[in-house]
Amino acid sequence: MASLALIGARKAYPGGAEALRGVDLAVADGELMVLVGPSGCGKTTALRAIAGLERLTDGTVEIDGEDVGALEPAARDVAMVFQSYALYPSMTVARNLSFGLRARGVARAERDRRVREIARLLELEELLDRRPRQLSGGQRQRVAMGRAIVREPRAFLMDEPLSNLDARLRVQMRGEIVRLQARLGATMVYVTHDQVEALTMGRRVAVMDAGRIRQCDTPAALYERPADTFVARFIGSPPASLLRGRLGEGRDGELECVIGGVAVALGAGAEAARPALRAAVGGELVVGVPADGFALAPGGAAGIPGTVALAELLGAETLVHVELAGAGEGGAAATVVGRFGRGVAAVPGDPVAVALVPDRLDYFDPETGLALDRPAVA
Amino acid sequence: MSWPPDSAGGTPEPPAPRRRPHGWRGALGAVADHGFLIALAAVCLLPLYVMLIASFERAADFDGAALLPTLSPTFENYRTVWTELGFDRMFVNSAVLSLSAAAIATALAAGAAFGFTRLRFAGRGLLLAGVVATMAIPAIVVIVPLSVLMTDLGLVDRLPSAILAEAGLLLPFAIFLLHTYMRELPSELFEAAEVDGASRWRQFREIALPLARPALATTFLVSAIYAWNDLLIPLVLWQAEQLTTLMVGLALLGPSRAGTQNVPLLMAGVTISILPLAVAFAVARRAVVRGLVEGGER
Ligand SMILES: Nc1ncnc2c1ncn2[C@@H]1O[C@H](COP(=O)(O)OP(=O)(O)O)[C@@H](O)[C@H]1O
Ligand SMILES: [Mg+2]
């Protein structure tokens, strides 16, 4: 196995689409890196650039520290699992599995041994004589994985391999891929558009948007300290709500934020945790509130006044959508979503007061969208 | 029975598919439709029918306007054409010309079509357009230089001359047809193969060719039929008696040999020349239609 890196990677497709706008991504030997982002943000392009199927407009691709920009895909010796699986329709499962070995001139006995081993590992033994069209979606997915693994490549590139499966199978396969990756000690870049999948699978997750990596961090750090408003809005189900406020000082000199006309004290710990806040006093702020950063106080009690818009009971918990007057951009209303226990009293149309949990708040610059207490990301 | 039947679960039935209204109006419509198709088929088949029944007439009895089969059919015309007029050898010559020209054209075109779809090189579009444009050049335009060329090469009246010329004339069409098909094959298959380490040659042989089978069958068959029916090339390049093809033989049959035209004899010859095409098409019809209609295979 090997380490992988994209350094300052740019890709402009003929016709103008800029799929990568300066991507830096380093994957250590044996690491599972998850690349997540909305559709069209450049994830597939990034994988194809590593595989050698696209030439970068600018920047370099490194495998094990060596610049492989001039190498053909075959010479890079990485394996890619395509979103469509791209199984060879005219070949049986066995021949699909052995194709890469035959292409690389592996001797027949060794080939057969490895194909049998992989078939056992992925429970494909019964299917070896079938053709792709005779397989279910889950079986095709396993064949595609097997075709990658059997070659014992230097790294695996997986492009949304579970997106064509039903929800139950998807959850099951997530776990299997993580186990497999650990067992093989494989370097893997795993692409998905599903942030839940990303958070559950990755030790490190790179969040991508519009051709840039916004943040590359552990799942916990992405959730607790999002680097910008995009990450805050992308990670978490439901994602964080964004409110507009003005940062000021209370009578005792403690920081407070005025949101929807109500002063919310940020608590004693806020300044210690986020030194940059002090410099922003007097200016506008975007406040990120994760779903568990709200407390509901029915009628009159202290908090930002609002109206319940919707209450969704999801088994053990309830998601409450509340419309807060004057808390959005330019004094518009903002709808926030909070997560509460199942017993919460929230009836659509009722007035409520929403309190914020100071420790759970994030602060962003309204111009750049970057978190206040983070160095700017290039 | 009521329609729609009451469904036990109370879920609404999907709307029934539109059908032809029942009753005499529907019946009349069906008759009209079928009548039209039958008439069309009759128009197409009439010449074949006339040809067939004429070929079984005796020359002496034939008055030139037979619409009903004769009561005393004879195989004599077939026997004469086949054994005495040398149609047996001509049949073999036609088969050799048609099958080898089609095989060569299909094989070369498969490689060219793969190159045009999978290789990126400067001027690719222009080159393809140029190749396709040559389809518009009729054979009659090139026959004289072609004949001079073959004479210079000392190939006239030898097997390769007509075969190569025919294959060359078929090539643009064959490239066009196969390219149209291969273009639609999902490029991820070839990219996956590239990442897997497969050479272009292996991609061509193990992925493109098996997937293009319907198109290859179509190309081969259409080319073979064209070469089988061609008169000009073998007439000019295969002038030797032992290289006469069926089409050349048919053209020479009749006025030049018998003085007065022996129509039943001619019809027997034509029937022999059409028979293999009919058989080939009947056997391969599904593959051909699939190749012509389908863009790609998933
Ligand atoms: N071959 C191509 N030609 C032109 N534009 C492309 C091509 N492939 C992708 N793009 C564009 O590049 C952007 C990123 O695409 P892609 O990497 O496929 O995104 P993702 O995999 O994250 O959905 C999109 O805007 C897409 O339209
Ligand atoms: Mg994609």
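Which residues in helix 6 of chain B meet which residues in helix 9 of chain B? The first view below shows them. This is a predicted model, in which local features need pLDDT of at least 70, side-chain atom pairs count only at pLDDT 80 or more, and totals for chains, interfaces and linings use all residues. Residues are numbered from 1 along each chain as its sequence is written, chains are lettered from A in the order in which they are written, and side-chain values use heavy atoms, without hydrogens and water.

**View 1. Helix 6 (residues 159-182) and helix 9 (residues 213-229) of chain B.** From helix 6 of chain B, B:E166, B:L170, B:F173, B:A174, B:L177, B:L178 and B:Y181 meet B:P214, B:A215, B:L216, B:T218, B:T219, B:V222, B:S223, B:Y226 and B:A227 of helix 9 of chain B. Contact means heavy atoms within 4.5 Å. The residues of this contact divide into twelve nonpolar, three polar and one charged. The two axes come within 10 Å and cross at roughly 155°. Helix 6 of chain B is therefore roughly antiparallel to helix 9 of chain B, a term for angles over 145 degrees. Helices (H or I, at least four residues) and strands (E, at least two) are DSSP runs, numbered from the N terminus.

View 2. A:V189 is buried, with a relative accessible area of 1%; buried means under 20% relative accessible area (1.4 Å probe, protein chains only). Leaving aside neighbours within four places in sequence, A:V189 is in contact with residues including A:L4, A:V27, A:L47 and A:F156.

**View 3. B:S55 in helix 1 (residues 24-55) of chain B.** B:S55 counts as buried, at 0% relative accessibility. Not counting residues up to four places away in sequence, B:S55 touches B:T74, B:N77, B:Y78, B:P264, B:M267, B:A268 and B:T271.

**View 4. B:I207 in the largest nonpolar core.** This core has 59 residues, of which A:L157 and B:I207 touch the most other members. A nonpolar core is a set of buried Ala, Val, Leu, Ile, Met, Phe, Trp, Tyr and Cys residues joined through side-chain atoms within 4.5 Å. Beyond four places in sequence, B:I207 touches A:Y88, A:M91, A:F99, B:L189, B:F190, B:A193 and B:R202. Apart from this core lies another, of 45 residues, among them A:L101, A:L122, A:L128 and A:F156.

Notes. Buried < 20%, exposed > 50% of the residue type's maximum accessible area, 1.4 Å probe, protein only. Axes fitted to C-alpha atoms, helices over the stretch in contact; angles between N-to-C directions. Parallel < 35°, antiparallel > 145°, perpendicular 65-115°, else oblique. Nonpolar A, V, L, I, M, F, W, Y, C, P; charged D, E, K, R; others polar.
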